[in-house]
Each structure stands twice: as structure tokens, then as C-alpha cells.
Amino acid sequence: MTDNGGATTGSGHGAADEGNTVAADLERLILDAPRKYTPYQAARAAEVPMELATRFWRAMGFPDIGQSRALTDNDVIALRRLAGLIESGLLSEPMAIQVARSTGQTTSRLAGWQMDTFLDNLTQPVEPGMTRSDVAYPLVELLLPELEQFLVYVWRRQLAAVTGRVVAAAEDHEVTSGRLAVAFADLVGFTRLSRRLEEEELGSLVEGFENTCSDLIAGQGGRVVKTLGDEILFVSEDPATVAEIALSLVETLAKEDNMPALRVGMAFGTVTSRMGDVFGTTVNLASRLTSIAPKDAVLVDGELATALEQHGTAGLPETEPDPAHRFQLQPMWRRPVRGLGLVEPWLLTRTPGTAP
């Protein structure tokens with residue numbers, strides 16, 4: 001229950017059965033508390049109904065472990081805190097379950113990435129006569145307190161930024177209504193390319209794509225929602241911000257050697273946000289536009305095109321040139337889009353002579 005699918009927890013055996021292995025030593029180091037409770041004992045110690053405790057653990061992504069004595073005092077404290085949030089009225093039970101699920105999913109991915117990265121990159125090459133296992137324990141021992149403090153720092157900064165947006169939404173009708181500019185950026189021909197590349201080359205390509213996109217999106221005021229290997233989803237309350245990011249992504253990646261062409265689809269409208277993800281017709285439309293966009297091009301829907309015109313940042317080719325127009329919009333042919341009916345995309349480009 002204290003790890004997300006590790007061999008000790010999943011097998012139902014205690015650490016004593018593992019012997020003096022590196023894995024068991026690392027577990028004790030990271031958990032910083034001895035295993036001594038069964039799930040029932042932990043729930044009773046936390047004064048939480050077993051049914052609710054099980055729901056919390058499953059939401060956090062922990063496997064069922066029967067009656068193994070695998071839980072620690074920290075598990076009891078965590079249970080007590082979640083239950084206390086419900087008892088105090090700060091959170092409803094469904095909301096507390098969501099908190100547990102979103103935290104579990106996010107930290108599981110983070111922990112997996114960190115250990116893969118650190119153990120792959122920092123333990124090679126090892127000293128003659130030493131194995132990676134020999135290096136793993138002192139490495140984790142040094143990294144653990146630093147990573148823990150850094151995680152809390154980043155979380156607080158992100159929480160402050162999100163809180164600021166929520167407060168600002170109270171005075172901004174457009175934000176309050178849940179309207180967002182949503183964009184997908186997708187590498188063209190990635191599936192075919194992945195069949196030709198070695199695993200290490202493919203991993204480097206994906207990492208380079210994600211790093212370049214994430215840095216550019218954050219630097220220009222957008223928010224990355226998620227990455228899906230060859231695709232990245234990002235949003236902003238400001239349509240012009242998303243438009244600038246999309247064109248900058250195409251221009252930047254086009255300069256990188258061995259990087260496939262990029263295509264971007266964007267839409268503007270009402271969006272539902274849950275657990276850090278976004279859903280709804282606007283998101284689906286942005287995804288569909290991405291799939292039909294030409295190479296190294298950006299397609300937008302009519303709502304986003306209208307928003308750019310109203311904000312004075314875009315003009316149609318036949319309109320009088322305006323120095324304030326950073327973008328141009330070219331209507332494309334109307335076409336049926338699966339599940340969304342007839343759609344008229346607009347091709348977004350920079351106004352000639354404007355700097356990126």
C-alpha cells in the first residue's frame with residue numbers, strides 16, 4: 001500500500017522475507033518507517049472505516065495487499081489527514097477521493113520518471129567492480145531530501161499560480177464561463193518514424209520534442225496540460241497567446257535537425273477541467289483540426305478566428321493592412337469532421353514583415 005506496485009507490496013510479503021537486498025534497503029530508506037500494520041490495523045489506528053480507507057488507497061494507485069503487514073505509521077497519518085478533511089467539512093468525500101487520485105497519478109508518473117532518469121544517467125559508468133545496485137543506495141540517500149524539498153517548492157509555486165487564476169476569474173466573465181483556447185501540437189509521421197529508429201534514438205527525439213515545446217509554451221504564458229509522446233496539449237485564456245505559441249512551435253521545430261514536421265490544431269470555447277485535464281467539444285475539435293492540418297501549419301476554428309479579429313491581433317487577407325495585426329487568417333474549405341458535423345477551418349499565419 002505504500003508503493004505503487006512494487007514487488008514487496010504486490011507480492012504480499014514483508015520486507016523481512018526479502019533479505020538484505022538493495023531493493024528492501026531502498027524501500028526502508030524512502031519510507032522512513034518500519035512496516036507494522038495490516039490494512040485493517042492501519043484503518044483502525046487512523047479511526048477510518050475500512051471501506052473508506054480502501055477507497056483512498058485505490059484512488060492513490062496502491063494495490064490491494066490482503067492482510068500483509070505492509071503499512072507504516074506514515075500510512076496511518078495520511079489516512080487520518082484525508083478523513084479529517086472530510087470530517088471538518090473542508091472537503092466532501094468525493095472531493096477527497098479526487099484529491100487522492102490526482103495526487104497518486106501525478107506522483108506515480110513523477111517518481112517513475114525520476115528514478116529511470118537518475119539511475120540510468122547518474123549510475124553509469126560505475127566504478128570497476130561495482131554494480132548499479134551498489135551505487136543506487138547512496139545515490140537515493142543523497143537525492144531524497146533534496147527532491148522532497150524541491151517537490152514542495154514547485155507545488156507551492158504552481159498552487160499560487162492556479163489560485164491567482166481562480167481569483168481573477170471572479171472578475172473576468174470569459175474565464176468564469178470556462179472558455180479557453182485549446183491547442184494540440186502533433187509530430188507528423190511519428191508512427192512510421194518510430195519503426196525505423198532505435199529505442200534510444202526514439203527516446204531522445206520524444207524528450208527533445210517535449211522539452212522544446214514545454215519550455216516555449218511556459219515561457220510565452222501558456223499551460224501544458226499533458227504530453228502524449230508525439231503530441232502535446234496546451235491551453236491559455238488568451239487566444240492570441242495560444243496563436244503565438246503555435247506559430248513559434250512550428251518555426252522553432254522546423255529549425256531542428258531530424259525533427260519531423262509539426263502540425264497544430266486550435267479551438268476556442270467552453271472547456272471542462274477535471275484533475276488537471278481538459279474535456280469537452282472544444283478539446284475534441286482542436287484534436288480533429290490537428291489531424292487534418294497540413295505539415296508545418298496551424299489550423300484554428302471559427303470561434304478562435306473571431307476572437308483574434310475582435311482582439312485586434314488578426315486580419316483577413318482582403319482587409320486593409322493594420323500594423324497591429326500580428327496574424328493573418330485564411331478560410332479553408334468546409335469539411336465534415338467526425339462527431340462534430342461540418343467545420344470550416346482557418347489557416348493561421350504570421351502577417352508578412354512581423355517578427356516572431
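1. Helix H4 (residues 50–59) and helix H5 (residues 73–87) pack with their axes 11 Å apart and at an angle of about 110°, the axes being lines fitted to C-alpha atoms over the stretch in contact, with angles running from 0 to 180 degrees between N-to-C directions. H4 and H5 are therefore roughly perpendicular to each other (65 to 115 degrees). Helices here are DSSP runs of H or I with at least four residues, numbered from the N terminus.

2. The model is predicted, with local features needing pLDDT of at least 70 and side-chain atom pairs counting only at pLDDT 80 or more, while totals for chains, interfaces and linings use all residues. Residues are numbered from 1 along each chain as its sequence is written, and side-chain values use heavy atoms, with hydrogens and water left out.

3. On the H4 side, Leu52, Ala53, Phe56 and Trp57 meet Leu79, Leu82, Ala83 and Ile86 of H5, where contact means heavy atoms within 4.5 Å. The residues of this contact comprise eight nonpolar, no polar and no charged.

4. The largest nonpolar core has 39 residues, of which Met266 and Leu348 touch the most other members; such a core joins buried Ala, Val, Leu, Ile, Met, Phe, Trp, Tyr and Cys residues through side-chain atoms within 4.5 Å, buried being under 20% relative accessible area with a 1.4 Å probe and protein chains only. Helix H11 (residues 239–254) gives the most to this core, with nine residues. Another core, of 22 residues, lies apart from it and includes Leu52 and Leu82.

5. Beyond its neighbours within four places in sequence, Leu348 is in contact with residues including Ala243, Leu247, Met266 and Gln328.

Note on methods. Helices (H or I, at least four residues) and strands (E, at least two) are DSSP runs, numbered from the N terminus. Angles under 35 degrees count as roughly parallel, over 145 as roughly antiparallel, 65 to 115 as roughly perpendicular and the rest as oblique. Ala, Val, Leu, Ile, Met, Phe, Trp, Tyr, Cys and Pro count as nonpolar, Asp, Glu, Lys and Arg as charged, and the others, Gly among them, as polar. Buried means under 20% relative accessible area, exposed over 50%, partly exposed in between (1.4 Å probe, protein chains only).
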